[in-house]
Amino acid sequence: MSSRRFQNSADAQFNDNWDRLAQAIREIHKKNASILSFEELYRNAYNMVLHKNGDKLYNGVREVITQHLEEVAVSQVVPAFPLSGASSSQTNPNGAGGANFLKVLKTVWEDHTTCMLMIRDILMYMDRVYAKTANVPLVYDLGLDLFRDTIVRSQNYPIQNHLLEFLETSSEYYRVEGQMLVGEYDAPEYMKKVDKRLNEEEQRVRHYLSQTTEPKIRNIVEEELISKHLKTVIEMENSGLIPMLRNEKMDDLGRMYKLFGRVVKGHDEMKSAISDYIRELGKAINETVTSNTTAEGGNAASGDKQTGATVAVRWVQEVLDLKDKFDKVQNLALSNDKAFQTSFNEAFEYFINKNPKSPEFISLFIDDNLKKGLKGKTEEEVDSVLDKTITLFRFIGEKDVFERYYKQHLAKRLLLGRSVSDDAERGMIGKLKVECGYQFTTKLEGMFNDMRISSDTMSDFKEYLDKSVLEKPKLDLSVTVLTSTGRRLTWQSNMGTADIRGSFKARKHELNVSTYQMVILLMFNDKQDGESLSYEQIKGESDIPEADLKRNLQSLACAKYKILVKEPKGKEINPGDQFIFNNDFTAPLQRIKIQTVASKVESEGERKETREKVEEARKHQTEAAIVRIMKDRKTMEHNLLIAEVVKQLQSRFMPNPALIKKRIEALIEREYLERATGDRRVYNYLA
């Protein structure tokens, strides 16, 4: 009897507390929270949970909230339904009926979430002690679930159908609008319209809908106005992506980048189109240069501005200008997007390596900028240009070919004294070292040491002659040795210069000429005034290589200072031409420097010879890589060895697997490697 009395007393206490709490929740729903004591309500809920009535409290709260939401559905949401057929009959989803329905739904949602925040504060102890232990949703989350099930997914009223109808109507509206706009406007105007629509929807969601609806509406606009018209906008004639790039419409490009970034394939389509455009422009540059070098043949006179070297310089400059153009697009319109930069770089790399002469052209461009006597360029400007050139150098696949040409051009600058300065030369080598490592530039740096040693050796030689009793040479001789191989010296007569005195009718002149030009001029010492020598005679007696002979004859007979007269006249040197010493030559200066025709692009024969030397060097480099790898690994499977060799050599050139296989066979023959017993595809290193 006593136990039942206590039990009834506890139930009465719970009921009394619950009645007060339920009434408080109703007052909150009526927006009368200001009359409540939240501290007292919290204490009531605390006591209920403390006395093991958490389940009753939780279920009671759910019933009160559910009852309130059912009343809201009947009194507020259902009366706001659009008139039958109103929303479906209107083309614009912003129609008055639909807009009012959404506005009411938004208000109901905001009121509910506000109330749930206050209810949550009262029931905080229940959340912390009961809800987590019982593994049920916290009270605020419970309120959201009840709104979904009682309002949005109501079993009694077609609220969800109206919401879905709104979204479907929006989708159809923007589908029709997208087709209409894309037919009426050019690309920039179309994108402005889309931008405006997105802003309008954002504003409408803020005023009429919940934030959870905004992504759905935004996705509809993006799908219907952007995704479905990507290629159409990009390819619009006279206004699409390519015309924007051509005319540097940075604002329009920036708008396209931002809008297309909203959809899955937007940026991919842009990158693909721009990459194709870069390749197309690069192909045009390559074709122009190819036609020019074919037509010119590298034999234009030094006074002709269309020499092979000029073509090379122009090719590099056009590529640099193109790079500058797209760097500007990247910076001003594409937010320096790394994915776009990678795509651009791949496009440049593609067309640069499609030009087989690109390593030579880039070396000639650097040569042109590092020579003495540059007009209109400061050292800072030259350094800036060379920095940009390094960017192109990164794109070259055959860096070993570039190295060979660079060595040749550097040797000429050093031997002929044409470098703008040692600091500039060393600065450029420093840039190359940063890109490729010290091994790439070791030989280049060695050239400067060779020049210093040669200078010291000649000083010692002259000092020896001054002290010696031997008869002194009749010629003032100076010898420079560059990068000798072992103990073998190769005489580079095409690199030498000489000072000779020429006697003409008017006066005598001191002529600074190349060694080959000196040889040619000395042949006329034995000829009478007006007596000629044929091209064939000069070639036979001098034994000068034909390409060098033509260049040096051009310099003597077709350039500014015509020491020789050529018959027939013209800028080209051909078999059968006759040459006569020009006794009537006059010039205001006593000392004259006969400029040799500017460095030219190699002929096919010279290029073939260079290629053979490169291929021979690659054999040694490949073998060295194989030995390094096998010395470290001891045993290795064929495909793994091939992959590792490619990895080590690709910074200089991309080795062909067939070449690697041949070098493996050669090393096996020379007993550096052996095939493993029982598996011929596995190699062992032999110490």
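Two strands count as paired here if DSSP finds at least two bridges between them, and the strands themselves (E, at least two residues), like the helices (H or I, at least four residues), are DSSP runs numbered from the N terminus. The model is a predicted one, in which local features need pLDDT of at least 70 and side-chain atom pairs count only at pLDDT 80 or more, while totals for chains, interfaces and linings use all residues. Residues are numbered from 1 along each chain as its sequence is written, and side-chain values use heavy atoms, with hydrogens and water left out.

Strand β8 covers residues 673-676 and pairs with β9 in the antiparallel sense over four bridges. Ala-676 has Asp-679 of β9 as its bridge partner, and Arg-675 stands opposite Tyr-683 in β9. Strand β9 (residues 679-685) also pairs with β7 (residues 635-637), again antiparallel, over three bridges. Here Met-636 has Tyr-683 in β9 as its bridge partner.

Together these three strands make an open, antiparallel sheet in the order β7-β9-β8. Because β7 and β8 stand at the edges with a single partner strand each, one side of each is left without a neighbour in the sheet. Neighbouring strands of this sheet are turned by 35° against each other on average, direction ignored; axes are lines fitted to C-alpha atoms, for helices over the stretch in contact, and angles run from 0 to 180 degrees between N-to-C directions. Helix α26 (residues 638-649) packs on the sheet and touches β7 and β9, contact meaning heavy atoms within 4.5 Å. The direction of α26 makes about 95° with that of β7. As a general point, the side chains in a regular strand alternate between the two faces of the sheet.

Another open sheet has three strands in the order β1-β2-β6, and its pairing is mixed. The edges are taken by β1 and β6, each with a single partner strand, so one side of each lacks a neighbour in the sheet. Strands β2 and β6 pair in the parallel sense over three bridges, and Glu-510 has Arg-591 in β6 as its bridge partner. Helix α22 (residues 515-522) packs on this sheet, touching β1 and β2, with its direction at about 130° to that of β2.

Rings of Phe, Tyr and Trp (its six-membered ring) pair if their centres lie within 6.5 Å; planes under 30 degrees apart count as stacked, over 60 as edge-to-face and the rest as tilted. By this rule the count comes to 17 aromatic pairs. In one of them, Tyr-277 and Phe-326 have ring centres 6.3 Å apart and planes at 65°, so the pair is edge-to-face. Since Tyr-277 lies in helix α14 (residues 266-296) and Phe-326 in helix α15 (residues 308-332), the pair ties together parts that are 49 residues apart in sequence. Both Tyr-277 and Phe-326 are buried, where buried means under 20% relative accessible area, exposed over 50% and partly exposed in between (1.4 Å probe, protein chains only).

Phe-504 and Phe-585 form a tilted pair, 5.1 Å centre to centre with 50° between the planes. The pair links distant parts of the chain, 81 residues apart: Phe-504 is in the loop between β1 (497-503) and β2 (508-514), and Phe-585 in the loop between β5 (578-581) and β6 (591-593). Phe-504 counts as buried at 7% relative accessibility, and Phe-585 is buried with a relative accessible area of 5%. Elsewhere, ring pairs link Tyr-257, Tyr-277, Phe-326, Phe-340 and Phe-344 into a cluster.

Charged ends also sit over rings, the criterion being NZ of Lys or CZ of Arg within 6 Å of the ring centre and within 35 degrees of the ring normal. The charged end of Lys-56 sits over the ring of Phe-14, 5.4 Å from the ring centre, and that of Arg-279 over the ring of Tyr-350, 4.2 Å from the centre.
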